[in-house]
Amino acid sequence: MDLSFEERISQLYTVAHTHSFEQIRSQEKLYEIFGLLQHRSKYFVALGVINDQGNHVAYAGPYALKGINYKDSEWFQSVRLRGIYMSDVFLGVRNFPHFVIAVMRREEKKFWILRATMNTDLFESMVKVAQAGEFGDAFLVNQRNVLQTSSRFLSRVMENLGMLALPWFAGTRLITQDIGQRTMVVGATWLQTAHGCWWSWKILRKSIFPFLQTRSLALILLAAGVAVVVLGAVFIVTLPLNVPGASPVG
């Protein structure tokens with residue numbers, strides 16, 4: 001999923017840095033670029049150009065958004081500071097779940113922003129692949145624990161997950177959790193691009209118990225070994241030194 005998001009960001013970045021503001025603000029040129037992006041990816045819904053004053057000076061898409069000012073919006077300030085912005089899923093004027101990706105380009109003393117509206121099918125298509133088996137589920141939640149994709153058994157997109165939110169952590173976690181009447185193996189990892197947490201679970205079958213028990217036993221033995229080494233080192237350091245014929249120093 002991270003690779004897919006990086007690809008979309010790279011596409012926008014390439015477009016922004018191979019066209020000047022005067023070129024891309026042309027409606028004809030913008031629609032040409034938009035058509036090429038849609039040909040490569042069906043997930044692009046709209047494309048817009050915003051100047052440094054926050055004005056939507058050019059727009060290619062199904063809605064009349066040209067002329068809207070975004071100067072005071074949170075996303076505009078964020079992309080101005082960081083150069084790249086990716087939103088959570090929201091409804092917007094279409095009243096349909098979508099998200100936006102925006103990149104900024106500087107030209108001399110001014111800047112402008114290329115912003116793409118993306119269909120959430122980009123999320124859903126990846127999620128459905130992981131929703132395998134009778135009790136398999138997978139979904140993406142944001143930092144507020146709001147679903148960015150639909151869950152197979154819990155809630156729909158943009159609803160609260162209704163489960164314990166996981167604080168940010170590096171890498172991947174594998175835990176067991178009781179969900180309904182079943183004990184599930186839950187895997188989770190935070191994405192690097194979307195600021196969301198990817199969850200995936202499967203029903204915990206009996207064949208997995210020996211593995212989990214072995215892993216727990218290995219951790220216990222490791223902890224015991226470390227404790228023995230530390231205690232042994234302390235004992236040796238504090239042991240009185242009695243050497244025959246030696247006299248006290250000093």
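Visitor: What should I know before I start?

Guide: The model is predicted, so local features need pLDDT of at least 70 and side-chain atom pairs count only at pLDDT 80 or more, while totals for chains, interfaces and linings use all residues. Residues are numbered from 1 along each chain as its sequence is written, and side-chain values use heavy atoms, with hydrogens and water left out.

Visitor: How do H1 and H5 cross?

Guide: First, the labels: helices (H or I, at least four residues) and strands (E, at least two) are DSSP runs, numbered from the N terminus. Axes are lines fitted to C-alpha atoms, for helices over the stretch in contact, and angles run from 0 to 180 degrees between N-to-C directions. Here, the axes of H1 (residues 2-16) and H5 (residues 121-130) come within 11 Å and cross at roughly 155 degrees.

Visitor: And what do I call that arrangement?

Guide: Angles under 35 degrees count as roughly parallel, over 145 as roughly antiparallel, 65 to 115 as roughly perpendicular and the rest as oblique. H1 and H5 are therefore roughly antiparallel to each other.

Visitor: Which residues in H1 and H5 meet?

Guide: Contact means heavy atoms within 4.5 Å. On the H1 side you'll find Ser4, Phe5 and Arg8, and they meet Leu122, Phe123 and Met126 in H5. Sorted by class, the residues of this H1 and H5 contact are 4 nonpolar, 1 polar and 1 charged. For those classes, Ala, Val, Leu, Ile, Met, Phe, Trp, Tyr, Cys and Pro count as nonpolar, Asp, Glu, Lys and Arg as charged, and the others, Gly among them, as polar.

Visitor: Is Arg8 buried or exposed?

Guide: Buried means under 20% relative accessible area, exposed over 50%, partly exposed in between (1.4 Å probe, protein chains only). Arg8 has a relative accessible area of 8%, so it is buried. Not counting residues up to four places away in sequence, Arg8 touches Ser41, Tyr43, Phe44, Ile101, Met118 and Leu122.

Visitor: What does H1 do with H3?

Guide: The axes of H1 and H3 (residues 27-40) come within 12 Å and cross at roughly 155 degrees, so H1 and H3 are roughly antiparallel to each other. Gln11, Leu12 and Val15 in H1 meet Ile33, Leu37 and Arg40 in H3.

Visitor: Which residues touch the most other members of the largest nonpolar core?

Guide: A nonpolar core is a set of buried Ala, Val, Leu, Ile, Met, Phe, Trp, Tyr and Cys residues joined through side-chain atoms within 4.5 Å. The largest one has 35 residues, and Leu12, Leu47, Val49 and Leu114 touch the most other members. H1 gives the most to this core, with 5 residues. There's also a second, separate core of 15 residues, which includes Phe135, Met184, Trp199 and Trp201.

Visitor: What can I read from phi?

Guide: Most residues other than glycine have a negative phi. Glu108 is not a glycine, yet its phi is positive, about 55 degrees. You'll find Glu108 in the loop between strand E4 (98-107) and strand E5 (110-119), and at 83% relative accessibility it counts as exposed. Met158 also has a positive phi, near 75 degrees. Its place is in the loop between strand E6 (137-142) and strand E7 (172-179), and Met158 is partly exposed, with a relative accessible area of 32%.
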